[in-house]
Amino acid sequence: MSGLTVRDLRVVFDGFVAVDGVDLEVPAGDVRFVIGPNGAGKTTLIDAITGLVRATGSVTFDDHALLGRKVHRIARLGVGRTFQTAAVFEELTVLQNLDIAAGWSRHPLSLLRARGQVPSSVAEALTTVGLSAVRDELAGTLAHGQKQWLEIGMLLVQDAKLLLLDEPVAGMSQSERDATGDLLGRLAADRTVLVIEHDMDFLRRFARTVTVMHAGKVLSEGTVAEVQADPRVQEVYLGHAPSASEVA
Ligand SMILES: Nc1ncnc2c1ncn2[C@@H]1O[C@H](COP(=O)(O)OP(=O)(O)OP(=O)(O)O)[C@@H](O)[C@H]1O
C-alpha cells in the first residue's frame, strides 16, 4: 500500500482557479485532516480526486493514475467518499443498504439472505462502523451519526482503501463525535483516510497529520501542533498575526 499522491493539481471553473497547484502526499495508514477557511478548495480537491470535476496535474492511489478516469472506475480502484449529507436509502434497512452497496442484491449469493445469512464483508462492515445491533432498522429511523456511519459502511463493503470524508462530524452530538473519532482509527488500520473538517476540537483529538488549504493552495502541513504554531495559519484563521495572549 503506497497511499495517495497528488501533484500540481489544478481545477478551474470558468476562469476561477479553485485548486491552484496542490501537492499532497497521504501515506497508507494516515488519518489526514484537510482544513481551511470557506472556499479554500477542500471539497473541490476531493471532487477532483474522485473524478467529479475535471482537473490537471496528477493523482495516484496505490500506483493507479486516477485523473481522467470516470467516477465509477475510480471507485472500483478503491477510492470512496462521503458527502456532507449522508446518501443512504432511508426506506431500506441498514442491511439492505449495505447489500446494495456491495452489489449482493444482484448477486447469486443473495440467496444467502433468503436463508438469513449475512455475507462476511457486510458483517465485517457492520462491526467496524458499530451498527450490528441496528442492522434490521430502517435507515430513515437512524440517528444522524448512525447514518454517517452507515454511509462509511457502504464504502467498506465496496472495499474502499482510500476514504475521503467530507465533514463527517457536522451536526453530530459529542458522543457521536467521540465514536466517529474512534472509527477513524479503526478505518486507518488498513486504509488511507482523508477528512475535511471544520471542527478544531475534533481535529486536535483525532488528526494524525494536517494539511491547511487557503485560496486553492496548501498553506501549511504537519502535525496538529506544527500547523497550530505556524504564523501563516494563525493569520488566516485569526485575520492577523497572533498576540502573546492568543498564542498562550
Ligand atoms: N461548480 C463550481 N463552479 C464554480 N465555482 C465553484 C464550483 N465549485 C466550487 N466553486 C468555487 O470554488 C471555490 C472552492 O470551493 P470549495 O467548495 O472547494 O471550498 P471548501 O474549502 O470546500 O469550502 P467550504 O469549507 O465552504 O465547504 C469556492 O470559491 C467556490 O465558490
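## Two helices at an angle

Angles under 35 degrees count as roughly parallel, over 145 as roughly antiparallel, 65 to 115 as roughly perpendicular, and the rest as oblique. Keep that in mind as we look at this predicted model. Helix α3 covers residues 94–102 and helix α6 covers residues 144–157, while helix α5 covers residues 120–129.

The axes of α3 and α5 cross at roughly 125° and come within 10 Å. The two helices are therefore oblique to each other. Their crossing is right-handed. On the α3 side, the meeting residues are Leu98, Asp99 and Ala102, and their partners in α5 are Ser121, Val122 and Ala125. This contact has four nonpolar residues, one polar and one charged.

## Where α3 meets α6

Helix α3 also has α6 as a partner: the two axes come within 8 Å and cross at roughly 35°. Here, too, α3 passes in a right-handed crossing. Val94, Asn97, Leu98, Ala101 and Ala102 in α3 meet a set from α6 made up of Leu150, Gly153, Met154 and Val157.

## Around the ligand

Now let us turn to the ligand. The residues around the ligand are Phe13, Phe16, Ala18, Gly36, Asn38, Gly39, Ala40, Gly41, Lys42, Thr43 and Thr44. Two or more of these come from each of β2 (16–26) and α1 (42–49). Helix α1 gives the most, with three residues.

By type, the shell around the ligand has six polar residues, four nonpolar and one charged.

Conventions: Residues are numbered from 1 along each chain as its sequence is written. This is a predicted model: local features need pLDDT of at least 70, side-chain atom pairs count only at pLDDT 80 or more; totals for chains, interfaces and linings use all residues. Axes are lines fitted to C-alpha atoms, for helices over the stretch in contact, and angles run from 0 to 180 degrees between N-to-C directions. Helices (H or I, at least four residues) and strands (E, at least two) are DSSP runs, numbered from the N terminus. A crossing is left-handed if the near helix is turned anticlockwise from the far one by less than a right angle, and right-handed if clockwise. Two residues are in contact if their C-beta atoms, placed from the backbone, lie within 7 Å. A residue is near a molecule or strand if its C-beta atom, placed from the backbone, lies within 6 Å of it. Ala, Val, Leu, Ile, Met, Phe, Trp, Tyr, Cys and Pro count as nonpolar, Asp, Glu, Lys and Arg as charged, and the others, Gly among them, as polar.
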